[in-house]
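Please have a look at the sequence and the structure before reading on.

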Amino acid sequence: MAGPLLIGAAIAMGAGALLSAKGQLDAGNAAKKAGNAEGDLLEKNADRVEEMGDYTAFRHNMKVKKVLGAGRAAYAASGVTMSGSAMNVMRESAVEGERDRLAILYNAEVKADTMRDQASIARYSGRAAQRAAQYSAAGSLLGGAGRTMGLFLPS
């Protein structure tokens, strides 16, 4: 028959295994929450990058329109008609302005997509850490049970 010290040791081992498992599960849940929070923040930042890209492209477009308008006015004031070389210069300026606007939008989209990819990775990492903690907790419980049972086996 097991003595009181042996029973006390077995209870302490079992309690220790339970506490260890609980701590591991809590750490896993916290890692998942942190991954989700980081993912949410990255998603929000991606939206802001896109909004900023739209705004920057709009502002760029307005500047191009002002430059083109000033150019037309300068040509008209000097008596040059909007044909031939003058028209080609204006057309090329408009095309270049549109290329720049599209580049601004594209760069914002690429940056936002990268942030969304990072958000997915952060969420996945949180879930993976949670899963690893669950396995570790199960290992702690099984190890604790094995050590506790070993106390009662004849040597």
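## Overall build

The protein has 2 helices and 0 strands, where helices (H or I, at least four residues) and strands (E, at least two) are DSSP runs numbered from the N terminus. Its radius of gyration is 34 Å, well over the 15 Å that the globule rule gives for 155 residues, so the protein is more spread out than a compact globule. That radius is taken over C-alpha atoms, and the globule rule is 2.2 Å times the number of residues to the power 0.38. Along the principal axes, the C-alpha trace spans about 115 × 20 × 10 Å.

A word on the ground rules: this is a predicted model, in which local features need pLDDT of at least 70 and side-chain atom pairs count only at pLDDT 80 or more, while totals for chains, interfaces and linings use all residues. Residues are numbered from 1 along each chain as its sequence is written, and side-chain values use heavy atoms, with hydrogens and water left out.

## Surface, contacts and charge

How many of the 155 residues count as buried? The share is 20%, with buried meaning under 20% relative accessible area, exposed over 50%, and partly exposed in between (1.4 Å probe, protein chains only). The protein exposes about 10400 Å², and carbon and sulfur atoms supply 63% of that area; the method is Shrake-Rupley with a 1.4 Å probe, and for residues only the protein chains shown count as cover.

Among contacts (heavy atoms within 4.5 Å) between residues at least 6 apart in sequence, 87% join residues at least 24 apart. As for charge, there are 19 positive and 15 negative side chains, and the centres of the two sets lie 4 Å apart. Lys and Arg count as positive and Asp and Glu as negative, leaving out His and the chain ends; each charge is placed at NZ of Lys, CZ of Arg, CG of Asp or CD of Glu.

## Along helix H1

Helix H1 has 74 residues and reaches 108 Å from its first C-alpha to its last, close to the 110 Å expected at 1.5 Å a residue. The expected span is 1.5 Å times one less than the number of residues. After H1 comes Gly79, whose phi is positive, near 85 degrees.

Val67 is found in H1, which covers residues 4–77, and Val67 counts as exposed at 57% relative accessibility. Gly23 also lies in H1 and is partly exposed at 37%. Glu50 has its place in H1 too, and is partly exposed at 28%. Leaving aside residues up to four places away in sequence, Glu50 touches Ala112 and Arg116.

The table gives some C-alpha separations.

| Pair | Apart along the chain | C-alpha separation |
|---|---|---|
| Val67 and Ala17 | 50 residues | 74 Å |
| Gly23 and Ala137 | 114 residues | 8.1 Å |
| Glu50 and Ala137 | 87 residues | 42 Å |

## A residue of helix H2

Gln130 lies in helix H2, residues 84–152. Is Gln130 buried or exposed? Gln130 is buried, with a relative accessible area of 15%. Not counting residues up to four places away in sequence, Gln130 touches Gly28, Asn29 and Lys32.
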